[in-house]
Amino acid sequence: MRALVVGAGIVGLTTARMLARRGYSVTVVEAHEGPGMETSYANAGQRSYGHVSPWAAPDLIGVGLKGLVRRQGPLKMHMPPAPRTISFLFQTLRYAWESGRYDASNRAMLQLGQVSRNAFHAIDEELPEGFDGHHEGLLEISRDPVEYAGLQTKARALAEQSIEHEWLDADSVHRQEPALAATGHLQPSLLINGDGTGDSRRLSQLLMMQCREAGVRFFFGTSVTQWEHNGDALEGAHVSDGNRSWLEAADATVVCAGCASRELVRPLGLKLPVYPVKGYSLTAPLDNPDKAPRSTVVDLDNKVAITRLGDRMRITGFAELAGFNRRIPESRLQVLQEAINERFPGAADFNHAEPWTGFRPMLPDGPPALGAGPLQNLWLNTGHGTFGWTLSAGSAELLGMMMHSEPTPIDVSAFDPCRFGGSRR
């Protein structure tokens, strides 16, 4: 059996690994010149299985409007917004206001997160060194009573899924994160005990080497230019590296191409409204490890995530709707630096940090597109939004079960790739 995987980010690589272990002869094509070069390159670094939640939240308008007018606000938008941005926002609002939709999506994503947690533990045992992977918990902190109320709602959802968590008072917060600076009275903080960290780009490189040892072929700088299908089944793809083109035939094709997935599947009759939600990060070497976090701290006041990655620190923030604009405004970096100086001053030299921006492949309701497409042997594993790193290992495992008609440990209906349009044949 031959399989073609389109995309070599962390989702594509965990998928290729799964397929190789199931006996497929696997080919991976990737438009970039190496693995993990797009969304996987410098994301938040947190494997936040209990922190996942849908993009289409009921309070989206309130949070969004504040974000647009506040310098530190998490949501930003290029003005005037493009038609595609407006369409995406209206779709998001429709799902956010649909009765019961958020709770169902939230439950499905939390369940997928736990599948991914188990799958990642297996990967960590195989590859214990080299990508700064640990599971020492994720701490959410705030001084704001409104944010605390939101954490209480989140804790109830965690309890419903039997996901380990606990409330920490000020002394317990200090034991969990001794270097966290005291900047006013904190509300009770939420610790999600089983969550972890890790560098997704470094793991992408390790998985590529592991896959190559298993016989997986990789073609970088290579794009799908046209699909070959007979109406009911996908037979392969015409691909090109710029110098030569060929037909890559496959018994199964899996699209894991992040933000590029939208245009890739459009000719196959599948509507997949992926939008590139832009995020920013700064990564810096540690100056003083004793002043750095142990794991991940989500600062709800400053709307940032701060993660320890071995001898480095990374801070990430913002959800910007600006299309594929890669510009990095200095004002965004200043907000990130101010947040890190408030919470972990003196830990790292963020004046000489590596800035980065990337695009999270977001679907308007929140859950990824995971499962069968409109053609018999077309499969999707894409659209994970801000949680591709977190959900990648579990998504690959579930996809393998679906491809072989095996029972899945969770209900996968929320991830149906055809839910936006495109009937199966």
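Trainee: Which backbone oxygen does the side chain of Trp227 reach?

Mentor: In this predicted model, the side chain of Trp227 reaches the backbone oxygen of Leu264 at 2.7 Å. A polar contact here is a pair of N or O atoms within 3.5 Å; within protein, one must be able to donate a hydrogen and the other to accept it, and residues adjacent in sequence count only if both atoms are side-chain atoms.

Trainee: How many residues apart in sequence are Trp227 and Leu264?

Mentor: They are 37 residues apart in sequence, and their C-alpha atoms are 8.9 Å apart in space.

Trainee: Is Trp227 buried or exposed?

Mentor: Trp227 is buried, with a relative accessible area of 9%. Buried means under 20% relative accessible area, exposed over 50%, and partly exposed in between, with a 1.4 Å probe and protein chains only. Trp227 belongs to strand S10, residues 223-229. Strands (E, at least two residues) and helices (H or I, at least four) are DSSP runs, numbered from the N terminus.

Trainee: And what is Trp227 in contact with?

Mentor: Neighbours within four places in sequence aside, its contacts include Val6, Leu234, Thr253, Val255, Pro267 and Leu268. Contact means heavy atoms within 4.5 Å.

Trainee: What conventions lie behind these values?

Mentor: Residues are numbered from 1 along each chain as its sequence is written, and side-chain values use heavy atoms, with hydrogens and water left out. As the model is predicted, local features need pLDDT of at least 70 and side-chain atom pairs count only at pLDDT 80 or more, whereas totals for chains, interfaces and linings use all residues.

Trainee: Changing topic to helix H7: which of its residues are buried?

Mentor: They are Ser200, Leu203, Ser204, Leu207, Met208, Gln210 and Cys211. These residues cover an arc of only 170° around the axis, which puts them on the same side of H7. The arc is that of the directions from the helix axis to the C-beta atoms.

Trainee: What do the buried residues of H7 pack against?

Mentor: They pack against helix H1 (10-21), helix H4 (101-126), strand S9 (217-220) and helix H10 (388-403).

Trainee: Which residue caps the N-terminal end of H7?

Mentor: Asp199 does, with a side-chain oxygen 3.0 Å from the backbone nitrogen of Arg201. Just after H7, Gly215 takes a positive phi of about 100°.

Trainee: Which side chain does Gln210 join in a polar contact?

Mentor: The side chain of Gln210 is joined to that of Arg17 by a polar contact of 3.3 Å. Gln210 is buried, at 19% relative accessible area. Setting aside neighbours within four places in sequence, Gln210 is in contact with Arg17, Arg21, Glu126 and Leu127.

Trainee: Now H5. What span should it have?

Mentor: At 1.5 Å a residue, the 16 residues of helix H5 (residues 145-160) should span 22 Å, and its end C-alpha atoms are 23 Å apart, which agrees. The expected span is 1.5 Å times one less than the number of residues.

Trainee: Which residues are buried in H5, and which exposed ones face away?

Mentor: Glu147, Leu151, Ala155, Ala157 and Leu158 are buried. They cover an arc of only 160° around the axis, which puts them on the same side of H5. The face turned away from that buried side carries the exposed residues Val146, Arg156 and Glu160.

Trainee: What caps the N-terminal end of H5?

Mentor: Asp144 caps it, through a side-chain oxygen 2.9 Å from the backbone nitrogen of Val146. Just after H5, Ser162 takes a positive phi of about 55°.

Trainee: Finally, how many helices and strands has the protein chain?

Mentor: The protein chain has ten helices and 20 strands. Of its 425 residues, 59% count as buried.
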